[in-house]
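The sequence and the structure are shown below.

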Amino acid sequence: MEEARCDIREVGGEHLVGFDAVVHLAAVSNDPLGELDPETTFNINHRATVRLAELARSAGVERFLFSSSCSMYGKAGEAALDETQDFNPLTAYSASKVLAERDLAAMADESFAPIFLRNATAYGVSPFLRLDLVVNNLAGAAFATGEVLIKSDGTPWRPLVHVDDIAQAFVAALQAPLDLVRGEAFNVGSSSENYTISEIASIVEDVIPGSVVAYAPGGGPDARSYRVDCSKAARVLGFEPRFNLRLGVEQLYQAFRTYGLSREDVEGPRYVRIERIKELQARGLLDHELFWR
């Protein structure tokens, strides 16, 4: 297997010749990091995405899977939102996803099929663990410090999906008949896996021995709150997640027991993307546009 390592902004058409599909995952990956330099966020998540799709179409790639986000729904109240709902992006990250979907959708034709996989909030064990995701963050804090530390008032809703299930959704979209998925969006998760932050914390407390739910001083409401309906992915793609929240927290707990996780890991930059980026910039290894020096 050939491998090319380069920034998404520097991919060339020669990298895409001979492929049937592109699975586009590269992005500035969450709301706090997206606000660090919004212009860079739009350059990577929107402009570089559209450029990649144009190169792919020119190279004869038939299927373009775009890793989008349910965060585009923003502040949306109690109703479970399906893929037809209006967007209400509250951050540069979510706005960049809205713009990318808009421009990719305009490229759909008989020879090119953009497909939008709007992932719920990810969680789960991975070789490059992230603790800036709500489930991983609460579980990590519970294991390392004994506190399931909630940094808001606990009321916002979040749809959740395990990282392994996200991968399975992409496989399902790769295998689905093109006529069923061309230009279509899919909420990736399970309609039953919508939780408030306080509900997530309660499950973490129940799974991880000796942990207690606590609220950070000054933690107010979080405007980002939304529930999603994922029935379309089940109906069209045949996609059904294998994990639920409790199973995912149990998996995290076993991983922490096996590999270890310290208070320093939880409170330091190692597993938090924005803090890691700042550390690399301070060391002169990344510039302000997130190019390696």
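Which residues in H4 meet which residues in H7?

## Contact of H4 with H7

On the H4 side, the residues are Val134, Val135, Leu138, Ala139 and Ala142; those they meet in H7 are Ile197, Ile200, Ala201 and Val204. By class, the residues of this contact divide into nine nonpolar, no polar and no charged. The model described here is a predicted one.

Helix H4 comprises residues 134-145 and helix H7 residues 197-207; their axes come within 10 Å and cross at roughly 40°. The two helices are therefore oblique to each other. H4 passes H7 in a right-handed crossing.

## Contact of H7 with H9

H7 also packs against H9: the axes of this pair come within 10 Å and cross at roughly 50°. H7 and H9 are therefore oblique to each other, and H7 passes H9 in a right-handed crossing.

From H7, the contact draws on Ile200, Ile203, Val204, Asp206 and Val207, and from H9 on Leu245, Arg246, Val249, Glu250 and Tyr253. The residues of the contact of H7 with H9 divide into seven nonpolar, no polar and three charged. Ile200 and Val204 of H7 take part in this contact and also in the contact with H4.

## The three-stranded sheet

Strands S5, S7 and S9 form an open sheet of three strands in the order S5-S7-S9, with mixed pairing. Its edges are strand S5 (121-123) and strand S9 (194-196), each of which pairs on one side only. On average, and with direction ignored, neighbouring strands of this sheet are turned by 50° against each other.

Strand S7 (residues 157-162) runs antiparallel to S9, and three bridges join the two. Within this part of the sheet, Pro159 stands opposite Asn194 in S9. Helix H9 (residues 245-259) packs on the sheet and touches S5, S7 and S9; the direction of H9 makes about 65° with that of S7.

## The four-stranded sheet

A second open sheet consists of four strands in the order S1-S2-S4-S8, with parallel pairing. Strand S1 (21-24) and strand S8 (185-188) are the edge strands, and each pairs on one side only. Neighbouring strands of this sheet are turned by 20° against each other on average, with direction ignored.

S1 and strand S2 (residues 63-69) run parallel and are joined by four bridges. The bridge partner of His24 in S2 is Phe66. H2 lies across S1 and S2, running at about 165° to S2. Helix H5 (residues 163-175) packs on the sheet, touching S1, S2, strand S4 (113-119) and S8, and its direction makes about 150° with that of S2.

## Contact of H2 with H3

The axes of helix H2 (residues 38-58) and helix H3 (residues 92-105) come within 9 Å and cross at roughly 20°. That angle makes H2 roughly parallel to H3. The crossing of this pair is right-handed.

H2 contributes Pro38, Thr41, Phe42, Asn45, His46, Thr49, Val50 and Ala53 to the contact, and H3 contributes Ala92, Tyr93, Ala95, Ser96, Leu99, Ala100, Arg102, Asp103 and Leu104. The residues of the contact of H2 with H3 divide into 10 nonpolar, five polar and two charged; in the contact of H4 with H7, by contrast, there are no polar and no charged residues.

## Overall dimensions

The secondary structure of the protein comes to 11 helices and 11 strands. Along its principal axes, the C-alpha trace spans about 55 × 45 × 35 Å. For 293 residues, a compact globule would have a radius of gyration near 19 Å; the protein has 19 Å, so the value agrees with that of a compact globule.

Conventions
Residues are numbered from 1 along each chain as its sequence is written. This is a predicted model: local features need pLDDT of at least 70, side-chain atom pairs count only at pLDDT 80 or more; totals for chains, interfaces and linings use all residues. Side-chain values use heavy atoms; hydrogens and water are left out. Axes are lines fitted to C-alpha atoms, for helices over the stretch in contact, and angles run from 0 to 180 degrees between N-to-C directions. Angles under 35 degrees count as roughly parallel, over 145 as roughly antiparallel, 65 to 115 as roughly perpendicular and the rest as oblique. A crossing is left-handed if the near helix is turned anticlockwise from the far one by less than a right angle, and right-handed if clockwise. Contact means heavy atoms within 4.5 Å. Ala, Val, Leu, Ile, Met, Phe, Trp, Tyr, Cys and Pro count as nonpolar, Asp, Glu, Lys and Arg as charged, and the others, Gly among them, as polar. Two strands pair if DSSP finds at least two bridges between them. The radius of gyration is taken over C-alpha atoms; the globule rule is 2.2 Å times the number of residues to the power 0.38.
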